[in-house]
Each structure stands twice: as C-alpha cells, then as structure tokens.
Amino acid sequence: MPGEPQDDCLFCKIVEGHIPATIVRETETTVAFRDINPQAPTHVLVIPKAHYENAAALAAAEPQLAADVLRETQAVAEDEKLESYRTVFNTGSGAGQTVWHAHAHVIGGRGLQWPPG
C-alpha cells in the first residue's frame, strides 16, 4: 500500500535501521544519506520515510511530504557548503531509477554539464 514500508525495499530498510547508511540529516519525515556510488564529491540521497514508488506518486499523494524532501535537499546543500548543486529525481527505469522508493539526488562539488546523462 502506498506510504507503507515495503519488505523488499532497500530504502525502507535504511529508514527502519535494518541496513546501515551514512546518514547526514534526518527529520521527522525524511532521511538524507550518502550515495554508495557517488557521481560527484557530494552525492546525497534525500528520501521520504514513507514509501512511494517515485517522485510523481509522492507529489500526487502527499504534496507536503514532497515539499519536505525538496526543502531537505537545500539543507543538505547548505550543510555541504555547496555554492551550486543539482537536485535530480529519476522517475522510471528509462530515466535511471533503480530503487523504487522516491528519492532526490543532491549532487555537487564539481562542475556539472548540461544536458545531463
């Protein structure tokens, strides 16, 4: 069921403390942790504690929670002292989503080219 923890979800297991992660921030509704395969000097994932398959599903079901995630991306960037950074939500396998739990990537600390990918 949307919003409920999923037994087979890597990120739900991180939220529950069953899988270790390098957590850099945590709020009542979100967790931010370092990506295990960083694509830049700073690469942090910000996830809602509630399980939603992707950013679109999260925004449709709980817009305030989606706003919490986005607000935390800014807090991560400030904590990491990033003057510029990229926030990325991959939605669907064709866009590179590999974990089916909504999450934002905060990427920075190096020059980022456009277009990405």
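## Strand pairing

Two strands pair if DSSP finds at least two bridges between them; strands (E, at least two residues) and helices (H or I, at least four) are DSSP runs numbered from the N terminus. In this predicted model, local features need pLDDT of at least 70, side-chain atom pairs count only at pLDDT 80 or more, and totals for chains, interfaces and linings use all residues. Residues are numbered from 1 along each chain as its sequence is written, and side-chain values use heavy atoms, with hydrogens and water left out.

Strand 4 (residues 85-88) pairs with strand 5 in the antiparallel sense over 4 bridges, and Val88 stands opposite His105. Strand 3 also runs antiparallel to strand 5, joined to it by 5 bridges; here Val44 stands opposite Val106.

## Burial of strand 5

Of the 5 residues in strand 5, 5 are buried, that is, under 20% relative accessible area, where over 50% is exposed and in between is partly exposed (1.4 Å probe, protein chains only). Ala104, Val106 and Gly108 cover one side, and His105 and Ile107 the other.

## Nonpolar cores

A nonpolar core is a set of buried Ala, Val, Leu, Ile, Met, Phe, Trp, Tyr and Cys residues joined through side-chain atoms within 4.5 Å. The largest has 15 residues, and Val46, Leu58, Val76 and Val106 have the most contacts inside it. Strand 3 (42-48), helix 3 (63-79) and strand 5 (104-108) each give two or more residues to this core; helix 3 gives the most, with 5.

A second, separate core of 9 residues includes Phe11, Cys12, Ile47 and Val99.
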